[in-house]
Structure formats: C-alpha cells, structure tokens
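Work through the exercises below with the sequence and the model open. Each task is followed by a solution in steps.

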Amino acid sequence: VTSISWKDKELNMVDTPGHADFGGEVERVVGMVEGAVLVVDAGEGPLAQTKFVLAKALKYGLRPILLLNKVDKPAVTEERCNEVESLVFDLFANLGASEEQLDFPVLYASAKEGWASSTYTKSPPDVKDMSQLLNAIIGHVPPPSASLDAPFQMLVSMMEKDPYLGRVLTGRVTCGVVRVGDKVQGLKNTDNGTVKIEEGKVVKLMKKKGMRADPVDSAGAGDIVSMAGLSSPTIGHTVANAEVTTALPTVVLDPPTISMTFGVNDSPLAGSDGIHLTGGKIGDRLLAESETNLAINVLPSTTESFEVQGRGELQLGILIENMRREGFELSVSPPKVMYKVEKGTKLEPIEEVTIEVDDEHVGLVMEALSHRRGEVTDMGPVPGSMGRTRMCLTCPSRGLVGYRSVFSSDTRGSGFMHRAFLTYEKYRGPLGNVRKGVLVSMGRGLITAHALMGLEARGVLFVAPAMETYDGMIIGEHSRDTDLDVNPVKSKELNNIRCASKDENVKLTPPRLMSLEEAIGYVASDELIEVTPKAIRLRKRYLEVNKRKSMSKRPKD
C-alpha cells in the first residue's frame with residue numbers, strides 16, 4: 001500500500017501479485033479500491049495471468065484504465081498497440097464486462113524512461129513525466145462515496161507484527177473518522193450474527209507516503225491506514241467504534257485446492273543443520289503464517305505434524321523456503337489434492353492451463369499432458385509471432401503437480417505456462433505413467449565415487465561423492481519403473497598386492513541436484529522431502545527395507 005498527493009488530492013494505491021497461487025492477496029485488495037490500472041506489455045499483449053486478476057476486478061465492479069507499457073521498445077509499433085488494445089477488449093468482453101467497463105481509456109507509457117502519454121508516441125515531445133496517467137486516474141476513478149459523520153468502521157485487509165507496537169492492522173476506512181486515543185472494538189461475522197472479539201484503544205495511526213510510513217493523528221473515510229492497539233482481530237474482521245454492533249461483509253476466498261503435511265524431521269541426520277526442530281516450534285510458525293495469509297489453512301493432524309492447505313505448490317513452496325532460511329528442519333509430504341464428495345460422486349479440482357510453445361515441442365507437451373488426464377479445449381497459432389502455438393487445456397490439479405520442471409526441460413526453457421483454478425468436476429481416473437522408479441540407499445555414511453561409478457548405468461543420480469547418506473534416502477532415478485536398493489557408500493577394497501595398472505580415473509556425470517520446487521513435484525506418495533537450512537534430500541517414508549516391502553503390499557487409498 002502507498003499513497004501520493006497530486007493536485008490537492010490524495011491517491012491511495014495498492015499493488016497486487018498476478019499469479020493465481022496468490023489469489024488470496026488479490027481478492028483482499030480489490031475490495032479496498034475504487035478503480036484499477038491494468039498494465040499490459042505492448043509487445044507481448046495480455047498474458048494468461050492478466051485474465052485471472054482482471055476477472056476479480058470486473059467482478060467487484062471496478063472500471064479499469066488500460067496502460068500499455070514498454071512502448072519505447074523498437075519492435076512495438078502503432079499497429080501492434082492497436083492489436084493489443086483489441087485483444088484486451090475481447091478479453092474484457094469474454095469476462096462479461098459491462099458497457100461502462102468496456103469504455104476504458106488507453107494510455108501509452110515507458111516505465112523505464114518514466115513517462116506516460118494519452119496518444120501513441122515513442123517519445124513525448126514536451127515534458128516526460130507521469131502527469132497524464134495521474135490526471136486520467138483522477139478523471140476516471142470515482143472518489144470514495146462514504147460519510148464522515150457516520151460511526152467509524154474499517155475492514156482489516158492486511159496484518160503484520162511489529163516488535164514494539166504488537167499487531168498492526170491495515171485496511172480502508174469505510175465510514176467515519178478515527179483518531180489516536182479513540183476507544184474501538186473488533187467484530188467478526190459468525191453463523192449466529194456479529195460477535196465482539198476485543199475492546200481497546202488506538203495507540204498509533206500510520207499512513208504510507210511513498211516508501212515510508214508516517215504517523216498521523218486522525219484518518220477519515222476512504223483513507224487506507226495502519227493502526228496499532230488491538231491484539232486479537234485478524235484479516236476479514238471489522239474494527240469499529242464502541243456503538244457499532246454490525247460487522248462489515250468479509251471477502252469470500254476461493255477454496256484451497258492442495259494440502260501438504262509438515263512434520264518433524266526424523267531422519268538419521270536430523271538436528272545437524274537447523275535450530276528449530278520440535279513439533280511445537282513448527283506449529284507456532286505455521287499458525288503465525290496462517291494469521292497473516294488468509295489463503296493458507298493449518299490443521300493439526302497428529303501430535304508432531306500439521307496439515308497445511310493452500311492454493312498451489314508454488315505458494316506452499318515459498319512458505320517452506322522461508323522456514324528453511326529461518327533455521328527450521330522439516331519433513332514434508334508430497335502435495336495431495338483436496339477432493340469433494342457430492343451426491344455420492346467424487347469431485348476433484350480442475351485447472352485451466354494456457355500453454356505457449358514452439359511448434360516443434362507441441363507433440364511432447366501433448367503426450368505428457370495426456371498421461372496427466374489433460375483435455376484440450378482450444379488450440380491455434382499465437383497472433384503476432386511465427387512458429388508458436390497456443391493451447392488451452394483443462395487438467396486435474398493432481399496431474400499438474402510437478403509438471404512445471406518437466407515442461408521447462410521438454411520445451412528447453414522456451415515455453416510459457418499459466419494455470420488457474422477453474423472448477424470441481426467428476427474424478428477423471430488414475431494418472432498414466434508419470435514417473436519412473438528410484439534408487440534407494442541401503443547404507444549409512446559418506447558416498448564414494450567408486451560406488452557411484454557402478455551405479456551410473458542404473459539411472460540418473462541426484463548425489464555427488466562425499467555427500468552424506470542413510471538407509472532409505474533416495475539417491476537417484478532408476479531407468480525402469482521399479483525401485484532399486486543400492487549401496488552408494490561401498491569403498492574400494494585395498495589389498496597388499498601391488499598392481500601394475502594404476503587406479504582407474506573415476507569420471508562421473510554431474511548429478512541432477514533438485515531444487516525445492518522440483519522436489520515437491522517429484523516425490524511420490526510413499527516418499528518425503530527432508531528440508532534443512534543446508535540441504536534438500538528425498539527419502540522413503542519408511543526407511544527400513546523390510547517395512548517398505550510389507551507396506552507396499554497394502555492396498556493404496
């Protein structure tokens with residue numbers, strides 16, 4: 001959130017992420033504003049994620065202003081800008097925009113050079129600044145229609161913790177005026193009506209100006225402010241004067257579609273890297289995250305593990321990465337899709353996938369997605385670029401888990417993929433052959449180059465010599481569909497007979513080192529990811545060979 005003053009008016013602005021995994025942020029923010037600026041790259045045109053955020057804005061009745069950025073690029077011409085404009089218009093129409101929303105002003109800008117213009121130009125002849133954009137915002141966006149005389153009410157949209165002030169609540173003042181020292185209360189909606197959470201006093205009010213937060217004495221309807229003084233209200237709750245008895249309507253969020261289980265790291269190497277190891281510490285950190293991030297739900301599953309529900313593996317991957325950097329050690333289960341049962345039918349989340357690839361890679365991508373139960377809804381050439389194909393598909397969320405890294409290697413990094421939750425549909429049946437078996441270590445100690453030399457023919461290795469391993473750790477991908485137990489710590493037997501031939505020079509192929517995002521997509525249901533501040537290891541859920549064999553004979557759910 002930030003604000004700037006322009007021509008004796010105060011402009012409050014909020015920026016949103018474009019990725020569908022962070023839809024929770026977008027939904028919260030859209031309710032705080034009266035208008036929106038849709039920034040589109042003049043060279044690329046509207047991308048798939050443009051559609052996601054725009055759909056949310058149009059649903060809330062906002063009238064966007066279209067801003068074509070990067071007009072200074074040599075490849076961008078006036079014809080191209082007109083083409084992009086008509087593509088955006090079609091996108092608005094397809095999303096069910098009203099007549100008012102379709103009548104959007106168009107501006108041309110170069111953020112790098114710091115100018116905006118209401119007419120197409122490569123370089124404005126007069127002053128190079130953003131005044132045309134700011135004037136368009138003042139002319140096109142309505143001022144807040146709210147009463148200053150009504151009692152104070154504010155819907156909390158963001159929350160942060162401050163070591164000195166405690167909980168800081170940010171939101172837009174819906175009506176009335178608030179001053180430092182006022183008595184306020186926290187309210188929330190429940191099935192039985194409005195419930196009071198807490199009473200308190202406003203200790204501090206702050207308003208963002210540019211990049212800094214300035215303390216203010218009072219704020220009125222339409223202002224976006226941060227306040228300290230209450231310790232219980234969270235995002236979606238209402239802060240109001242003592243005489244108010246009704247809470248403001250809250251934002252309805254899309255349901256979570258994926259869940260992962262976070263537990264204590266119980267591998268033989270546990271405790272060697274991290275500082276936060278216990279289930280209690282992991283639970284406190286996850287609950288603190290679910291307070292500030294509405295799109296994440298945390299449910300205790302057993303004494304030492306927690307089920308975390310979210311929008312996608314990217315969102316949960318960022319949470320794991322943050323915890324890893326803070327010194328946590330965890331074991332994380334592979335992502336599970338959240339199913340629904342309605343009238344005896346099993347339903348699963350289906351996502352809409354938009355893919356742009358070079359023509360030569362279409363066959364590979366189609367084959368991979370058919371194994372993952374994808375169905376093509378539309379396919380055609382990409383307008384304005386030769387040799388590229390755009391495909392629209394519907395695919396189950398469980399089929400897309402881990403596909404992004406496969407997609408990048410299939411298309412040699414030239415492909416573009418975007419996915420967004422579409423709906424719940426009937427279960428599409430089991431997935432095809434998505435992954436091969438793995439090489440599982442059956443020895444504890446340091447990996448030797450001598451042992452790896454013999455294992456190279458068995459598949460792709462994930463480890464290098466001198467790394468530590470233990471029973472049940474996954475050290476590579478088998479070339480076949482079955483798992484193989486191997487010994488990567490075997491050393492060369494030395495004897496006292498002098499040999500005429502010198503030791504052979506061990507030359508190993510560089511290993512495929514997994515990033516966290518790849519590991520989340522790679523692991524199967526009987527495997528776990530061991531996450532520590534210094535390493536990411538893959539392992540079997542049951543480390544002993546005999547236990548694994550007996551568990552594999554059980555029927556899978």
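**Exercise 1. A lysine in a loop**

Task: Find which residues Lys73 is in contact with, leaving aside its neighbours within four places in sequence.

Solution. Step 1: with those neighbours set aside, Lys73 is in contact with Asp41 and Lys122, where contact means heavy atoms within 4.5 Å. Step 2: the C-alpha atoms of Lys73 and Lys122 lie 8.4 Å apart, although 49 residues separate the two in sequence. Step 3: Lys73 sits in the loop between strand S4 (63-69) and helix H3 (78-94); helices (H or I, at least four residues) and strands (E, at least two) are DSSP runs, numbered from the N terminus. Step 4: Lys73 is partly exposed, at 38% relative accessibility. The classes are buried under 20% relative accessible area, exposed over 50%, and partly exposed in between (1.4 Å probe, protein chains only).

The model is predicted: local features need pLDDT of at least 70, side-chain atom pairs count only at pLDDT 80 or more, and totals for chains, interfaces and linings use all residues. Residues are numbered from 1 along each chain as its sequence is written, and side-chain values use heavy atoms, with hydrogens and water left out.

**Exercise 2. Two helix pairs**

Task: Describe how H6 packs with H7, and how H8 packs with H10.

Solution. Step 1: two packed helices are described by the angle between their axes and the distance between the axes. Axes are lines fitted to C-alpha atoms, for helices over the stretch in contact, and angles run from 0 to 180 degrees between N-to-C directions.

Step 2: helix H6 (residues 279-292) meets helix H7 (residues 313-325) at about 130 degrees, with the axes 12 Å apart. H6 is therefore oblique to H7. Under the cut-offs, angles under 35 degrees are roughly parallel, over 145 roughly antiparallel, 65 to 115 roughly perpendicular, and the rest oblique. On the H6 side, Ile282, Arg285, Leu286 and Glu289 make the contact, and on the H7 side Leu319, Asn322 and Met323. By class this contact has 4 nonpolar, 1 polar and 2 charged residues. Here Ala, Val, Leu, Ile, Met, Phe, Trp, Tyr, Cys and Pro count as nonpolar, Asp, Glu, Lys and Arg as charged, and the others, Gly among them, as polar.

Step 3: for helix H8 (residues 362-371) and helix H10 (residues 403-410), the angle is about 160 degrees and the axes are 10 Å apart. H8 and H10 are therefore roughly antiparallel. Leu364, Val365, Ala368 and Leu369 of H8 touch Tyr403, Phe407 and Asp410 of H10. This contact has 6 nonpolar, no polar and 1 charged residues.

**Exercise 3. Positive phi**

Task: What is the phi of Lys7, and what is that of Arg373?

Solution. Step 1: most residues other than glycine have a negative phi. Step 2: Lys7 has a positive phi, near 50 degrees. Lys7 lies in the loop between strand S1 (2-6) and strand S2 (9-13) and is exposed, at 53% relative accessible area. Step 3: Arg373 also has a positive phi, of about 65 degrees. Arg373 lies in the loop between H8 and strand S24 (375-381) and is partly exposed, at 35%.

**Exercise 4. Cysteines**

Task: How many disulfides does the structure hold?

Solution. Step 1: a disulfide is a pair of cysteine sulfur atoms within 2.5 Å. Step 2: the structure holds 0 disulfides. Step 3: for Cys395, the nearest cysteine sulfur is that of Cys392, 13 Å away. Step 4: Cys395 is buried, with a relative accessible area of 1%.
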